[in-house]
Each structure stands twice: as structure tokens, then as C-alpha cells.
Amino acid sequence: MVELQGIPVSPGVAIGPALVLDADGYRIPRCLVAAEDAESEYARLRTAVDAVSAHLETSRLETTAVAGEETGDIFAAQLQMLHDPRLHSELRRRIKDQLQSAPYAVTRVLHHYASALRRLSNPVLADRAEDVLDIEKQLLMQLGAVAKQPLSELSEPVIVLSHVLTPSETANLDRRYVRGFCTETGGAGGHTSIVAKGLEIPAVVGIGAFMDGIGAASQVIVDGDRGKVIIDPDKATLESYEQRAQRRRSLTARLAELRDLPAETVDGTRIRLSANIEFPYETAAALERGADGIGLYRTEFLYLSSQQEPSEEDHYEAYSQVVREMNGRPVVIRTLDLGADKMGHRPLAEHEHNPFLGLRSIRLSLRNLDVFRPQLRAVLRAAVHGDIRLMFPLITTIGELRQARMLLNVVAEDLKDSGIAHRSDIPVGMMVEVPAAVVMLEHFVREVDFLSIGTNDLAQYTLAVDRSNEYVADLYQSSDPAVLRLIKQSVTVADKNEIPISVCGEMSSNPGRALLLLGLGVRHLSVPPSLLPRVKKAIRSVSIQQCKEIAQRVMTLEAARDVDLYLLDRLGDLVPELIVK
Ligand code: PEP
Ligand code: MG
């Protein structure tokens, strides 16, 4: 049994057989060999290397004869790589010392080489990465490794283990079979984590290198509440986790009874409790959990989950479906938040050294009007079916807001001129997720109908900490006093100007932090559907006065850790039912 610690990002407990993915999202031939077989396994590799080498040499000679020496040199370069002494000593070490099977060692080492090459700024060397992967394929073929199978072809429950999973790969996981996942990289605020919550798949990220030690047919427990991953658990551990999973199921069943009750504090203050969604099908989960509306619809997932670039009609269909199903409840559609860790079908920006500080979100939309316009048209068209509100992400300057609003007006005029049914009077809001926007909020409030605080990015940009980077995950805390001061300041400005403000970042889905937000004056929270019942339970268990006292105390604290310990303590006193042991 091996116990690993990572970052808990999507709650719940999952137990099942391991399925290890390679860097391209394929299952890889993976297993360890018995110590007495290591020698013959290494010999098998040597034979495969000789065969690939002979094949490459034939290709080199034939190509040189037909297309000239320069073209033939492509194979000469591959031959050189194949015989690189460092490559061989690494393969030998993995097979003989770590008892890895030859196919597994080949995949791991060559993928490692390929990603190192891809990271080089020299484009010629970066292109060599493809050559390395080509060698990998040939070696695997010679080793008779099973043909790689795509992850989409699952037929039994699994726990996915991967070095990395992008938000779109996560979005495409087959929920029928993927019970949980864990990755070596990633941080709590990354969009992969957010998608995992949306899909209600327990997940742990940022574990660090661990996959090399996974034996064949390993069983895995993913503890998405505490960030633990247990490989090949012993009997006692397995039993205790099965019991915990059972206790969680009973809590979920009890909380389900709150569905039709309002999110109201004991003193009668009504809190709006909405749901965050990434996909139209999540409206069912939002309604099942009794959401008051959709507080954040992350529309960029329309791009990330489909094979082709969505058309205006695709946008229109998706938004119409959501607003119709929400049946009169408000739906806040956020315009595309592509870029950084959420890339679409074609590169909308050149290579960027600092993508989170680069051409992402509203900046990218404003520079790619052929992408932005169809979305805005679709939103205004779908608005005839219900209560749609439009929200712009990552607004940093007043100029951006004005540009976006102007484009919306132009699009509305076009629709009117063409006689296409639409609404042009929908409320327009912006996300408050950059410190500059908080500082200048007095000016922004004059030009928007509502605000929503995105604590995921607000924490990232306030604390100068990448939200999806495991190395600095401990610094990434929305409960950091600096972030809390910015939230408080935003609420004060919004209240003074009578502009509705909500919090739709992940912070609001943590029951303790949600109570703190109520104490800071927030009256509208938006959370992933799966976590909505817990937050509702917390709201229904406290008075606003108690929340204010929590906020008062918290605002005297100096560090996120102190804030969270205090909040956990108060939650234990006020809503003990939510603490699952
Ligand atoms: C946020 O930044 O808090 C937010 C809600 O948006 P996203 O997580 O999609 O960046
Ligand atoms: Mg954001």
C-alpha cells in the first residue's frame, strides 16, 4: 500500500482499478516485471532497438537515393537519438533497477524527452519532439505492445491516473466509467479542477511524480475530500474508505431533502443560491439541487468539448436549451473565457511566455471578432426564451468594458436590421477578478447592471500565484487576508451604488468560506451544483449576526491558514452535520 498526498479539488471518495494515461491521453502499456525477468526484459528491448535501427537505416538509404541527402538526414537524426547513450542508460535503469516493463519504460522516457524538447524556445529542436515520439511508436510496435487505445473506448469503471489532464480532456472523460482521477501536476484553482467538480468526479491533483511505481492491476482510492490517493490499499484501509463513502452517501441523501427549501438564514435573510455550469446538461443537476438560477455559465466549454469550432447556431442551441430548462430563473451567460489553460480549436494567440497574463478571456474575444460576434448574436437571440443576463470576464480597464458593450450594441443593430428575433435590453454585467477592477470599481459600476466576483482569478492575480501550479499551491488561497479585503471593498462599492454583486468563484462553494462571505455582506452565491446542498445547509443553520461576527474576527487575522482554521472551527460548532469523519 502506498499513500500519496496531493491537492483535493473535487470532493468525494472513489475506489477502482487504475488506468494510467500517457501524455497524449492514451492508455499506456503499463506493468512491472518480476525481478528474475528483468534481464530478459532488457534483452527484449535490445532486440527491439536493433530492429528499429535496421529499419531506420534502410529508410535513410532509400530516402537519400530518391530525395537526396538532406531528406535522408531526417532518419540519420532519428538513428542518432535511438543510439543516444543517455537514453540507453535511463532505459536500462528503469528496467533493471525499477523493474518496469520495456514498453512502459520506453513510453515514459521518450515522452519525457519529447516534452523537454517541446519546452525549448528553439523551434527546430522543438520539432524534434515529433521524431522522438515516432521512435517510441516504432519501439512499441517491435515490443509487441498492445495498440494504444483512446480513453473514449472505456467499458468498465476505472480511476484515471495521468501526468496531466487538460480542462478539455477532463471535459471529455466518460462519466459512466471514470469514477475518479488523480494527476501528477495541477493546482486547486485550475480549470481541470473546476470541470471535475462539474462532472462530480472525485479528484486529487498536484501529487508530484508517482506513476512509475504503479504495478499491474493496482487498485486505487481517491479521497477528494482530503487530497489523499492510496495505491493498493490494505484490507483495513479499504474497509474504512468504503464506510466513509457510505457516510457521504447518507449525508448527500439527507441534504437532498433541502431541495425545495429556500437558502435562508435563521433570521429570515434570503440568500440567492445559484449554480455554476460548464455544459447545458448540468441544468438538470442545478434544478435537482434546487438552484435559484445559473449564476455562471462558462460558455468556453462549448469549444473545449467539441471536435469542431462551434457555429452561431451551436451557441444559440446551447443557450436556448439552458434558459428554457431553467424555466424563468435567471441565467448569467459569461462570454468566452478562452486562452491560458483553456485553448480552443485554432491558436487564437501566438506562443506566449505568460499566458495567464497574456491574450486570454475578454482580451482574446476583442481581438478575434469572428469568434466573439457569433457568440453575442446567439446570446441576444436566445434571450427571447427567458431571463438571460450577459457577463464579460477578466475586465481590467474601462476601455475594454466599453469596447465590449459597443460591440454588443452593433450586434443588436445587425439583428434588428435583419429582422431576426432577439432582445437587446438584457442586463449586462462584468466579473470582478482583477485587482485593478476592484481599485477602479467606482467607475465600472456606472456602466454595468451587476457584478460577480471571480475569486479564482482574483486570488491568482492578487497573490501573484498561478492557480494551476502545484509548486505554489499552498500560496493559492482565496481566504488570504489581501483577497478578503478586495472582496470587502467590492461589496462596499456595489452596495453604495445599489448594484447587485455575487461571488461565483470556488470560494463560495466552501461552506465555511461561504459563511464568511455572508458576513462580508454578500447575498448572492453561485456554486457548482454538486456542492450547492452543503452551502444551503450552512446558510440555513446560521444567523446573519453570527456571520458578521465571523467576518469581524477574520478581518483581524493575518494569514490564510489562520482564517481557514478559524472557519473550520466555527463550521464545526455551527453546522457539525457537514463534517464527515
Ligand atoms: C473565477 O475566476 O473566479 C471564475 C469564476 O472564473 P473561472 O474560474 O472560469 O476563471
Ligand atoms: Mg476567472
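Q: How many salt bridges does the rule find across the interface of domain 1 and domain 3?
A: The rule finds 2 there. Keep in mind that this is a predicted model.

Q: Which side chain does K197 meet in a salt bridge?
A: That of E506, with 2.6 Å from N to O. K197 also turns up on the area list: along with H191 and I194, K197 is among the domain 1 residues that lose the most area to domain 3. Together these three make up 28% of what the domain 1 side buries.

Q: And what's the area buried between domain 1 and domain 3 overall?
A: About 2,000 Å², and carbon and sulfur atoms give 58% of that.

Q: Back up a bit, how is the chain divided?
A: Into domain 1 (2-27 + 149-251), domain 2 (35-142) and domain 3 (267-578). Going by C-alpha atoms, the centres of domain 1 and domain 3 are 27 Å apart.

Q: What about polar contact between domain 1 and domain 3, how many residue pairs?
A: The count is 8, with both residues at pLDDT 80 or more.

Terms used
Residues numbered from 1 in each chain as written. Chains lettered and ligands numbered in written order. Predicted model: local features only at pLDDT ≥ 70, side-chain atom pairs only at ≥ 80, totals over all residues. Heavy atoms only, no water. Domains from an automatic or database assignment. Buried area = accessible area lost by both parts, 1.4 Å probe. Salt bridge = Lys/Arg side-chain N within 4 Å of Asp/Glu carboxyl O. Polar contact = N/O pair within 3.5 Å; in protein donor to acceptor, adjacent residues only side chain to side chain.
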